[in-house]
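Work through the exercises below with the sequence and the structure open. Each task is followed by a solution in steps.

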Amino acid sequence: MLLHIIARGRIGRGPEAELVERYMKRLTWQHRISELPDTGGRMPAVAAGSRTVLLDEGGEQMASLEFARLLETWRDGGVREARFCLGAADGFTPAERQGADRVIAFGRATWPHLMARAMLAEQLWRATSIVAGHPYHREGRQ
């Protein structure tokens, strides 16, 4: 399954970009990042068998294990692409929210866009490592 981050805005160079790159390099699942301008631009075409997840502060809060199980279920169920969308400063339109398969949040706080992208990259690495049985995730260990 392709893990596809679709983000509004350009990350450029800097510590956040380095974090994103560090975690994306660790992924063994296929992955891709598409950047769009803050407004306008063309969303990458949605392939059949895709799921769309919007990242929004008002979304569902998921533990890392739940997130990993969701990706595993989608992968094992034949989903070809999981699209993770990071919106611009004003978030998503009601139509975009309604068209998404999931809307999730990294807590109730508002995160800077570039930090949210780095957090998403890390959570994708964490989720795929959980699915693979890698010891990176330590939840529940004493």
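**Exercise 1.** State which residues of α1 meet which residues of α4, and classify the crossing.

Step 1. From α1, the residues Glu16, Leu19, Val20, Tyr23, Met24 and Arg26 meet Leu114, Met115, Arg117, Ala118, Ala121, Glu122 and Trp125 of α4; contact means heavy atoms within 4.5 Å. Helices (H or I, at least four residues) and strands (E, at least two) are DSSP runs, numbered from the N terminus.

Step 2. The contact of α1 with α4 has nine nonpolar, no polar and four charged residues. Ala, Val, Leu, Ile, Met, Phe, Trp, Tyr, Cys and Pro count as nonpolar, Asp, Glu, Lys and Arg as charged, and the others, Gly among them, as polar.

Step 3. The model is predicted: local features need pLDDT of at least 70, side-chain atom pairs count only at pLDDT 80 or more, and totals for chains, interfaces and linings use all residues. Residues are numbered from 1 along each chain as its sequence is written, and side-chain values use heavy atoms, with hydrogens and water left out.

Step 4. The axes of α1 (residues 15-26) and α4 come within 8 Å and cross at roughly 15 degrees. Axes are lines fitted to C-alpha atoms, for helices over the stretch in contact, and angles run from 0 to 180 degrees between N-to-C directions.

Step 5. α1 and α4 are therefore roughly parallel (under 35 degrees; over 145 is roughly antiparallel, 65 to 115 roughly perpendicular, the rest oblique).

Step 6. The crossing of α1 past α4 is left-handed (the near helix is turned anticlockwise from the far one by less than a right angle; right-handed if clockwise).

**Exercise 2.** Describe how α2 packs on α4.

Step 1. The axes of α2 (residues 64-76) and α4 (residues 113-131) cross at roughly 70 degrees and come within 8 Å. The two helices are therefore roughly perpendicular.

Step 2. α2 makes a right-handed crossing with α4. On the α2 side the contact includes Phe67, Leu71 and Arg75, and on the α4 side Gln123, Ala127 and Ile130 are among the residues.

Step 3. This contact of α2 with α4 comprises eight nonpolar, two polar and four charged residues.

**Exercise 3.** What is the volume of the largest pocket, and which residues lie nearest its centre?

Step 1. The volume is about 400 Å³.

Step 2. The lining has 20 residues, and Leu55, Asp56, Glu57, Trp111 and Ala116 lie nearest the centre. A pocket is, on a 1 Å grid over the protein atoms alone, an open set of points where a 1.4 Å probe fits, with protein on both sides within 12 Å along at least five of seven lines; lining residues have an atom within 4 Å of a point.

Step 3. β3 gives the most to this lining, with three residues.

Notes: Grid points are joined across faces, edges and corners, and a volume is the space filled by probe spheres set on the points.
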